Amino acid sequence: MALTIWLGAMIWLEILFMRARSIPAISFVEQPPTYSEAFNVQRFQASLSSFTVVWNYLAVVTFIFWVLFYVR
């Protein structure tokens, strides 16, 4: 079960990497970004933040289970 959840997290991370490739480098452009570019960047940042929360939660839960079942 845990391996399936970790696999799902890895797939989510791969999706984030592919989405990051499509985001233009708006910080290097002299003109201000368009609304859609800024929206895409903010949406990606929100997805990355949610992935970070889930990843940290999985790490804590895995550590707790490791302590409960393997450390004696």
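1. Phe65 and Phe69 sit four residues apart in helix 2, about one turn of the helix. The model is predicted, and the points below should be read as such.

2. Accessibility of these two residues comes next. Phe65 is partly exposed, because its relative accessibility is 44%. Phe69 has a relative accessible area of 54% and is therefore exposed.

3. Now the ring pairs. Six aromatic pairs are counted in the model. In one of them, Phe63 and Trp66, the ring centres are 5.9 Å apart and the planes meet at 35°, so this pair is tilted. The rings of Phe65 and Phe69 have centres 5.7 Å apart and planes at 10°, so that pair is stacked. The cut-off for stacking is under 30 degrees between planes.

4. Phe63 and Trp66 are also in helix 2. They are three residues apart, so about one helical turn separates them. Trp66 is partly exposed, because its relative accessibility is 44%.

5. Ring pairs also build a cluster. Its members are Trp6, Trp12, Phe51 and Trp55.

6. Where does Tyr70 lie? Tyr70 is placed in helix 2, which covers residues 35–70. Tyr70 counts as exposed because its relative accessibility is 66%; the threshold for exposed is over 50%.

7. The surface deserves a look here. A nonpolar patch of about 1100 Å² includes Phe63, Phe65, Trp66, Phe69 and Tyr70. Val60, Ile64, Val67, Leu68 and Val71 also contribute to this nonpolar surface patch. Both ring pairs described above, Phe63 with Trp66 and Phe65 with Phe69, are formed by residues of this patch.

Note on methods
Residues are numbered from 1 along each chain as its sequence is written. This is a predicted model: local features need pLDDT of at least 70, side-chain atom pairs count only at pLDDT 80 or more; totals for chains, interfaces and linings use all residues. Side-chain values use heavy atoms; hydrogens and water are left out. Patches are made of residues with over 30% relative accessible area and no salt bridge: like charges are joined within 9 Å, nonpolar side chains (Val, Leu, Ile, Met, Phe, Trp, Tyr) within 5 Å. Accessible areas come from the Shrake-Rupley method with a 1.4 Å probe; for residues, only the protein chains shown count as cover. A salt bridge is a side-chain nitrogen of Lys or Arg within 4 Å of a carboxyl oxygen of Asp or Glu. Helices (H or I, at least four residues) and strands (E, at least two) are DSSP runs, numbered from the N terminus. Buried means under 20% relative accessible area, exposed over 50%, partly exposed in between (1.4 Å probe, protein chains only). Rings of Phe, Tyr and Trp (its six-membered ring) pair if their centres lie within 6.5 Å; planes under 30 degrees apart count as stacked, over 60 as edge-to-face and the rest as tilted.
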